[in-house]
Amino acid sequence: MQRMKNEVSPILAVVLILVALAAVQLLYWRGLVHEGTAQMGKGRGRGGGGGGGAEEVAAGLPDVRVETAAGQGQAGYRDGAARQALFDGPAGVAVVGEVTYIADSRNNAVRMLRDGQVTTLAGGSKEPGYADGPRGVARFSGPAGIAVGPGGELFVSDTGNHRIRRVKADGAVSTYAGAATPKDDLGRETGGYREGRAAQAEFRYPVGMTADDSGTVYVADAGNHAVRRISPSGEVTTVAVEGKLQSPTSICFAPDGSMWVSDTGGGRVWTGPAGGPLRKWQEKGEASKRFLPAGLAPTADGAGRDQLHVYLADSGGHCLYRIEGAELVLVAGAGDAAAGSSDGGGDVARFLCPAGLASGGAGDLYLADYGNNVIRRVSVAMSAKEER
């Protein structure tokens, strides 16, 4: 098995691919998100900070299979048969049964893949906007995250509008949390930070989300450097952190109930109980590449609760890892920042700025391949059985 060592230190302000969802947002994000340089190596690593020689990392696991589930690999907007459909910057995914929901960021739409067909559930316009209402009326601005509640309702991070939206099965959209915030000279809301009732709470560039069995929604509030919690009763609070998050963009719960958070701007992964506090999860190594942890998803390979399997998309290294205890295992991609677009085994598959990630069950993951404008299906069941 291939394993990665890394150490991250933010050094330069950059625009992060995950949250550079529209030209309007680019200006804001230059001041919010930092590039991380990550440590790559071959072998094991754990703990935090320095040491060890950098080594070349081999490609991913050959028994893993990657295929394009939807999209043609070019930017556009088209519904229809999965492989003829077009996306533009798909950033978030969520799976319920046989349906895959997609936050199609630059199309300002919520799309769905079902029975080999892609359709638009809500929104859909090259011009960002903000409007609640039925399918043909509702508007979004760069939606980047999507989650499914225990009742089947969809929650969408409307990133450019600094709000959390709720989408019903018929495509009707309402605002679930987030209030209007001050506007800049061009009339665009700048976001804010306020706790309290959902209708009065403020967010700033919310990205990834997840929901637990109680209906509590957790939001990676990237612009506020925080993880926010929205209770079923509509109270917004902030999860405690031992340290400082820089720009969190994804959240998931592991099989053992622990929360995992990708801090893309800080180039680190954090973990802790759902109620907090979150603590840094780190590895050692020599700096040799950017490490931009992005989408997270819980185990998709049937591992028991005693086995911690969380999958992690690395947007900077264009690859997919699995967290096993205190180690990262390279699952698919080259692991050396080699971007591309190819299906096949984990050792030959290539991605371009992979973003959102979701477990589809039965050993499948669904990945929003943001830079390639496609949705990828990754079958990982066999890799869990590989000899250690």
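**Terms and values**

Modeller: Gly 136 is exposed, its relative accessible area being 61%. As background, this is a predicted model in which local features need pLDDT of at least 70 and side-chain atom pairs count only at pLDDT 80 or more, while totals for chains, interfaces and linings use all residues. Residues are numbered from 1 along each chain as its sequence is written, and side-chain values use heavy atoms, with hydrogens and water left out.

Biologist: Why is Gly 136 called exposed?

Modeller: Buried means under 20% relative accessible area, exposed over 50%, and partly exposed in between (1.4 Å probe, protein chains only). Gly 136 has 61%, so it counts as exposed. Gly 136 lies in the loop between strand E9 (117-123) and E10; strands are DSSP runs of E with at least two residues, helices are runs of H or I with at least four, and both are numbered from the N terminus.

Biologist: Is His 318 buried or exposed, and how do you know?

Modeller: His 318 has a relative accessible area of 6%, under the 20% limit, so it is buried. His 318 lies in the loop between strand E25 (309-314) and strand E26 (319-324), and its phi is also positive, near 55°.

Biologist: Why are Cys 252 and Cys 353 called buried?

Modeller: Cys 252 is at 3% relative accessibility, so it is buried. Cys 353 is buried because its value of 12% is under 20% as well.

Biologist: What makes the peptide bond from Gly 276 to Pro 277 cis?

Modeller: Its omega is near 0°. Pro 277 is placed in the loop between strand E21 (268-272) and strand E22 (279-281).

Biologist: How many helices and strands are there, and what share of the residues is buried?

Modeller: The protein has 1 helix and 31 strands, and buried residues make up 59% of its 388 residues.
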